[in-house]
Amino acid sequence: MARRPLVMGNWKLNGSKAFTKELIEGLKHELAGVTGCDVAIAPPVMYLAEAEAALANSQISLGAQNVDVNVKGAFTGDISTEMLKEFGAKYIIIGHSERRTYHQESDAFIAKKFAALKEAGLVPVLCIGESEEENEAGKTEEVCARQIDAVINALGVDAFNGAVIAYEPIWAIGTGKSATPAQAQAVHAFIRGHIAAKSQAVAEQVIIQYGGSVNDANAAELFTQPDIDGALVGGASLKAPAFAVIVKAAAAAKQ
């Protein structure tokens, strides 16, 4: 069965009530009639209510940028799986390099978030990727394997059924640098192979997105690669026309 690509917009710390409504209206207009690609957006959690209302009767799914491992209790400032579900959020980003760096989130903690999302019936979007130093030291595969194995060792390889992996080389996030399509494909093929060593069936269905300065200019070439199943888009997801070009490129490449 062919994997259906997923293009997801990570708005990061951007937006307002008005911006959320306006961008979603723009996306609905730009993406009317586009098929063959799943689309999701992850606004700041503050704007999930506005986003849920604006997305009604559209093909665009709602996502979020983070979740806590606890469902309720004395955890000031945290957000639970059940709260996200109440707003109709489906795809939840975990393990983003910004969370790993600025909030010191460990592989083991991210695996617990993965488990919490699976238990709640939500889709984890697990971000993995290496820093510039690790890339230059030839450690790309080692880092990606370690970050995936944290989940496999805790939950088993079947946890990746119905899940998403986003390969985001840290040196390419927000820098304007992007891995070449061949570079990205090589890492994606390694990731799929690493999972296939435990289960071929799981490896064949897992969505592996590319993230890292994906834009309307470089998306089409990335999506021609066999193991690149869409993209996790940062800055370009804040502009409806640019994001729509990326979605249409994914839909066209995977037809």
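His96 sits in the loop between strand S4 (89–94) and helix H4 (97–102). Helices (H or I, at least four residues) and strands (E, at least two) are DSSP runs, numbered from the N terminus.

Some ground rules. This is a predicted model: local features need pLDDT of at least 70, side-chain atom pairs count only at pLDDT 80 or more, and totals for chains, interfaces and linings use all residues. Residues are numbered from 1 along each chain as its sequence is written, and side-chain values use heavy atoms, with hydrogens and water left out.

Back to His96. Is it buried or exposed? His96 counts as buried, because its relative accessibility is 4%. Buried means under 20% relative accessible area, exposed over 50%, partly exposed in between (1.4 Å probe, protein chains only). Leaving aside residues up to four places away in sequence, His96 touches Asn10, Lys12, Cys127, Glu168 and Ile173. Contact here means heavy atoms within 4.5 Å.

Why pick His96? An unreviewed UniProt entry places the feature "active site" at His96 and Glu168. UniProt positions are in the numbering used here, feature names are shortened, and annotations may be inferred rather than shown by experiment. The two are spread over 73 residues of sequence, but they cluster in space, with a largest C-alpha distance of 8.4 Å. Both His96 and Glu168 are in the lining of the largest cavity. On a 1 Å grid over the protein atoms alone, a cavity is a set of points where a 1.4 Å probe fits but cannot get out; a pocket is an open set with protein on both sides within 12 Å along at least five of seven lines; lining residues have an atom within 4 Å of a point.

Now Glu168. It lies in the loop between strand S6 (164–167) and helix H8 (181–196). At 6% relative accessibility, Glu168 is buried. Among its contacts, not counting residues up to four places away in sequence, are His96, Cys127, Gly211 and Leu232.

H4 gives the most to the lining, three residues.

Lys12 itself is in the loop between strand S1 (6–10) and helix H1 (17–31). It counts as partly exposed because its relative accessibility is 22%. Its contacts, not counting residues up to four places away in sequence, include Gln65, His96 and Ile173.

On to helix H5, residues 107–120. Its buried residues include Ile110, Phe114 and Leu117. The buried residues of H5 pack against helix H3 (81–86), S4, H4, strand S5 (123–128) and helix H7 (140–155). Just after H5, Gly121 takes a positive phi of about 80°.

Last, the cores. A nonpolar core is a set of buried Ala, Val, Leu, Ile, Met, Phe, Trp, Tyr and Cys residues joined through side-chain atoms within 4.5 Å. Which members of the largest core touch the most others? Phe160 and Ile191, out of 69 residues. Helix H11 (residues 240–253) supplies the largest share, nine residues. A second, separate core has 13 residues, including Leu6, Ala40, Ile93 and Cys127.

Key
The expected span of a helix is 1.5 Å times one less than its number of residues.
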